[in-house]
Amino acid sequence: MKKIDLEHWDRREIFEFFSPLSHPFYAVTFRLDVTELCRVCKARGLSFHYAMIWLVTRAVNGTEAFLYTIRGGEVFLLDRREPSFTDRFAGEKYFHIVTMPWEEELEGFCAAAAEKSRAQRGFIDYAAEGDDLLFLSSLPWLDLSALNNERDLDPDDAIPRIAWGKYTEENGRRTLGLSVEVNHRFVDGADIGAFAARLEELIAAL
């Protein structure tokens, strides 16, 4: 983690412009082609949900703007964010929130996520919550076109919130709507574009 010298930060003017706002947050939803991801998950016997969590977390950690946080009024650049995601198994009435470390290998992460989720007792492990997380959620019942999140109106909240809906098929391609909600003090539209491009590249490289 690195502390940012605000006096010499190239983003200082933009950061200060959005800082007085009580709600400096905005959300963008875009279509993501997951055709190749579906094929890989089926071939390898992987959970699509956990694979998406792995991919999105990796893309976020490769996009610097998503790694900023504020502690004690000072800006820091995190080394990386860890996934905190919703999960619900068949037959369960309610979802729960799982927080765990991201790991480099896709199959290993998917197996660890399933094990951690099934072993969890209770809705959430509050001891695992922090400002270095990435909040992830899915709505597999809906073709997602827009989304916003519940939050306390704390303008220092820099945790990205990313969610996706069910995938739909057209002309042999499967796509889904993916929503990205961020703090404009740190993340611009170009950064979301870079994140989207990185995510597409990761899927193509599977």
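This is a predicted model: local features need pLDDT of at least 70, side-chain atom pairs count only at pLDDT 80 or more; totals for chains, interfaces and linings use all residues.

Visitor: Okay, helices. At what angle do H3 and H5 cross?

Guide: Helix H3 covers residues 48-61 and helix H5 covers residues 189-204; their axes cross at roughly 130° and come within 9 Å.

Visitor: And what do you call that, oblique or roughly antiparallel?

Guide: Oblique, because roughly antiparallel is kept for angles over 145 degrees. H3 and H5 are therefore oblique to each other.

Visitor: Which handedness does the crossing of H3 and H5 have?

Guide: Right-handed.

Visitor: What about H3 and H4, how do they pack?

Guide: Helix H4 is residues 106-119, and its axis lies 9 Å from that of H3, at an angle of about 120°. That pair is therefore oblique, and the crossing of H3 and H4 is right-handed.

Visitor: Start with Asp-188. What does Asp-188 pair with?

Guide: Asp-188 forms a salt bridge with Arg-11, and the closest N and O atoms are 2.7 Å apart. The two partners are 177 residues apart, so the pair links distant parts of the chain. Asp-188 is in the loop between S10 and H5, while Arg-11 is in the loop between strand S1 (2-3) and helix H1 (12-18).

Visitor: Is Arg-11 buried or exposed, and why?

Guide: Buried, because its relative accessible area is 10% and the cut-off for buried is under 20%.

Visitor: Which residues do shared partners join into one network?

Guide: Salt bridges that share partners join Arg-151, Asp-157, Arg-161 and Glu-181.

Visitor: New topic: loops. What's up with phi of Asn-171?

Guide: Phi of Asn-171 is near 55°, which is a positive value in a residue other than glycine. Asn-171 lies in the loop between strand S9 (168-170) and strand S10 (173-183), and it counts as exposed because its relative accessibility is 76%.

Visitor: And where is Pro-155?

Guide: In the loop between strand S7 (133-139) and strand S8 (161-165). Pro-155 has 22% relative accessibility, so it counts as partly exposed. If you want a distance to check, Pro-155 and Ile-192 are 19 Å apart, C-alpha to C-alpha, and 37 residues apart in sequence.

Visitor: Last one. Which residues form the nonpolar patch on the surface?

Guide: Phe-95, Phe-123 and Tyr-126, with about 360 Å² of accessible area together.

Visitor: Where's Phe-95 found?

Guide: In the loop between strand S5 (82-87) and strand S6 (96-99). Phe-95 counts as partly exposed because its relative accessibility is 41%. That also clears the patch cut-off, which is over 30%.

Technical notes:
Residues are numbered from 1 along each chain as its sequence is written. Side-chain values use heavy atoms; hydrogens and water are left out. Patches are made of residues with over 30% relative accessible area and no salt bridge: like charges are joined within 9 Å, nonpolar side chains (Val, Leu, Ile, Met, Phe, Trp, Tyr) within 5 Å. Accessible areas come from the Shrake-Rupley method with a 1.4 Å probe; for residues, only the protein chains shown count as cover. A salt bridge is a side-chain nitrogen of Lys or Arg within 4 Å of a carboxyl oxygen of Asp or Glu. Helices (H or I, at least four residues) and strands (E, at least two) are DSSP runs, numbered from the N terminus. Buried means under 20% relative accessible area, exposed over 50%, partly exposed in between (1.4 Å probe, protein chains only). Axes are lines fitted to C-alpha atoms, for helices over the stretch in contact, and angles run from 0 to 180 degrees between N-to-C directions. Angles under 35 degrees count as roughly parallel, over 145 as roughly antiparallel, 65 to 115 as roughly perpendicular and the rest as oblique. A crossing is left-handed if the near helix is turned anticlockwise from the far one by less than a right angle, and right-handed if clockwise.
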